[in-house]
Amino acid sequence: MNIKESKKADVVIIGGGIIGVCTAYYLRRSGGQVVLVEKDDLGAGCSDANAGLIVPGHSMPLATPGIIAKGIRWLLHPESPFYIKLRLDLDLFFWLWQFRRACELQRMLKSMAYLCELNAASRTLFEEMAGEGLDFFFEKKGLLIVCRTKSGLEGAMEEARQKEKLNLPVIVLNKEKVLEMEPLLRPEVAGGLYFPQDAHIDSLQFVRAVAKRAEDDGVRIMTRTEVITWEKENGHIKKISTTAGEIEADQFVLAAGAWSPSLIKELGLKLLVQPAKGYSLTYLKPEPCPSHPLILAETKVAVTPLAEHLRFGGTLELAGLDGRINQRRVEAIKKAISRYLHGLNPQNLELVKLWRGLRPCSPDGLPFLGRTRKYNNLIVACGHAMQGVSLAPITGKLVAQILAGEKPSIDISPLAVDRYN
């Protein structure tokens, strides 16, 4: 699209992932000119082939008590669920320092409660969007956490106790009930949890459907358009220079995921976000197939049955902005499939796609959402970690409310962009 047609916009959204397109969706009827720019294709980053889980029940920050000790042990095992590639990086060191502080029990419980509130609001919005005729795969079958070991089940029981304190519905299942729900699970399982309010989508299909509706309603979407520089003056951003030309705007929204810190650095701002690489394997849907989304507790692998596919996703690798595929991490997911499910040997399934994406993680598990102190017309919306899909609609709606000068429907003070500065 030729930017010369219009060099002025009311709002420019930077980032065409699930957060960016949901923001465009809720701004589409604002009456102003909204432009969304994306350096690749829509949903090409972390929104492409992730697990697609919507988790009002199973809302947990990455930072939890005990995760540091586990992480140290896992450093020696490249196939572990959580792996840090050690390197001389001050940003990583500071992130890990704040992450350690966020692992304190009371801080974790506050983050968890807040994430549950955000996710519950977002699930309602998913239902509303589906009711507005958006064409995307959306199923409300809950989420089953499967534990293979006694220690894994003990950890799940602790999560259940915490969620019950928040009045969230969670059902503790013994071995027999788990196998009754999912007969494809191996009989060695110890038990599990069921979160009946959770749901799942095909995330890339959702991104495309939302973007199409926004574009049909007047949002201008520019893909293959990379932001090069910002032009600012006296605490106000005037325009951005892109590979398609310059765009002036009254307001700017940064929703570029793991690339947000590098984009905002030129403005003299710092976002404490680390890219966390995750992988997924998408196969043609076999028969038989699991009927519920699953999380294989000890390996942190998610299993998502879609309309025509079956997806396995997992691992968290802090390795910087590194898009290379680590085959050992892929093999770890394949091993988990065979350990938990019988009759689903990856060697006998037809692989459709091997994917990796960089999830933007804050130390405390809460996204950054709101205006910055330094610039009066910049809103940041990133750092959603593994819950970007689940939190996308509520994030988009909150950004739209901020831009409209309305009081946000949910208190966003815990999400302050400058909370680590």
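User: Which strand is L294 in?

Analyst: L294 sits in strand β15, which covers residues 294-296; helices (H or I, at least four residues) and strands (E, at least two) are DSSP runs, numbered from the N terminus. This is a predicted model, in which local features need pLDDT of at least 70 and side-chain atom pairs count only at pLDDT 80 or more, while totals for chains, interfaces and linings use all residues. Residues are numbered from 1 along each chain as its sequence is written, and side-chain values use heavy atoms, with hydrogens and water left out.

User: Does L294 count as buried or exposed?

Analyst: L294 counts as buried, because its relative accessibility is 0%, where buried means under 20% relative accessible area, exposed over 50%, and partly exposed in between (1.4 Å probe, protein chains only).

User: And what about I295, buried or exposed?

Analyst: I295, also found in strand β15, is buried with a relative accessible area of 14%. The C-alpha atoms of I295 and I145 are 4.8 Å apart in space, although the two residues are 150 apart in sequence.

User: Changing topic, what is the strand order in the open sheet of three strands?

Analyst: The order is β3-β9-β5, with antiparallel pairing, and two strands pair if DSSP finds at least two bridges between them. The edge strands are β3 (53-54) and β5 (138-139), each of which pairs on one side only.

User: How many bridges link β3 and β9?

Analyst: Two bridges link β3 to β9 (residues 199-201), in the antiparallel sense, and H200 in β9 is the bridge partner of L53.

User: Now α9: what should its 14 residues span?

Analyst: Helix α9 (residues 327-340) should span 20 Å at 1.5 Å a residue, and its end C-alpha atoms are 21 Å apart, which agrees; the expected span is 1.5 Å times one less than the number of residues.

User: Which residues of α9 are buried?

Analyst: The buried residues of α9 are R329, V330, A332, I333, A336, I337 and Y340. They cover an arc of only 155° around the axis, so they lie on the same side of α9, the arc being that of the directions from the helix axis to the C-beta atoms.

User: Last one, where is L351?

Analyst: L351 is in strand β18, residues 351-361, and is partly exposed, with a relative accessible area of 44%.
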